[in-house]
Amino acid sequence: MKKIEAMIRPFKLDDVRENLSDIGITGMTVTEVRGFGRQKGHTELYRGAEYMVDFLPKVKMEIVVPDDLLEQCLETIIETCQTGKIGDGKIFVYDVQRVIRIRTGEENEEAI
């Protein structure tokens with residue numbers, strides 16, 4: 001099993017969720033986060049004063065998938081989120097040792 005963490009633009013979330021649902025992904029965790037990379041933030045004007053906004057809003061999606069769905073999930077996220085412009089986001093993939101569904105005690109792929 002693998003855990004996918006994807007940092008994406010907030011307005012892409014609904015499209016990604018729908019496209020992942022179409023390939024059989026039934027659950028995910030989503031967190032609103034703020035950060036920056038090469039995008040480096042931007043300047044804004046507030047009450048006549050210009051100031052730098054270093055941290056930009058992003059959405060962090062966390063999904064645990066069986067190994068056989070990993071590549072399809074990654075392709076779906078990339079195709080949906082890629083605009084070709086700086087700030088499209090990043091994807092991290094981790095190994096998952098064990099998953100337990102607390103309610104039933106099911107483990108691993110049955111618990112996903």
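A salt bridge is a side-chain nitrogen of Lys or Arg within 4 Å of a carboxyl oxygen of Asp or Glu. Side chains of opposite charge can pair when their charged atoms come close. The structure shown here is a predicted model. Across the whole of this structure, a search finds 6 salt bridges.

One of them joins Glu106 and Arg101, whose closest N and O atoms lie 2.4 Å apart. This distance meets the definition because the nitrogen has to be within 4 Å of the carboxyl oxygen. Glu106 has a relative accessibility of 31% and counts as partly exposed. Arg101, at 26%, is partly exposed as well. Both residues get this label because it covers values between the buried limit, under 20%, and the exposed limit, over 50%.

Elsewhere, salt bridges that share partners join Lys3, Glu5 and Glu62 into one network. Within this group, the side chains of Glu5 and Lys3 meet at 3.5 Å, N to O. Glu5 has a relative accessible area of 11%, so it is buried. Lys3, with a relative accessible area of 24%, is partly exposed.

Another salt bridge pairs Asp95 with Lys2, with 2.2 Å between the closest N and O atoms. This pair links distant parts of the chain, as the two residues are 93 residues apart. Asp95 belongs to strand S6, which covers residues 89-95, and Lys2 belongs to strand S1, which covers residues 2-8. Is Asp95 buried or exposed? Its relative accessibility is 53%, so Asp95 counts as exposed.

Note on methods
Residues numbered from 1 in each chain as written. Predicted model: local features only at pLDDT ≥ 70, side-chain atom pairs only at ≥ 80, totals over all residues. Heavy atoms only, no water. Helix = DSSP H or I, 4+ residues; strand = E, 2+ residues; numbered from the N terminus. Buried < 20%, exposed > 50% of the residue type's maximum accessible area, 1.4 Å probe, protein only.
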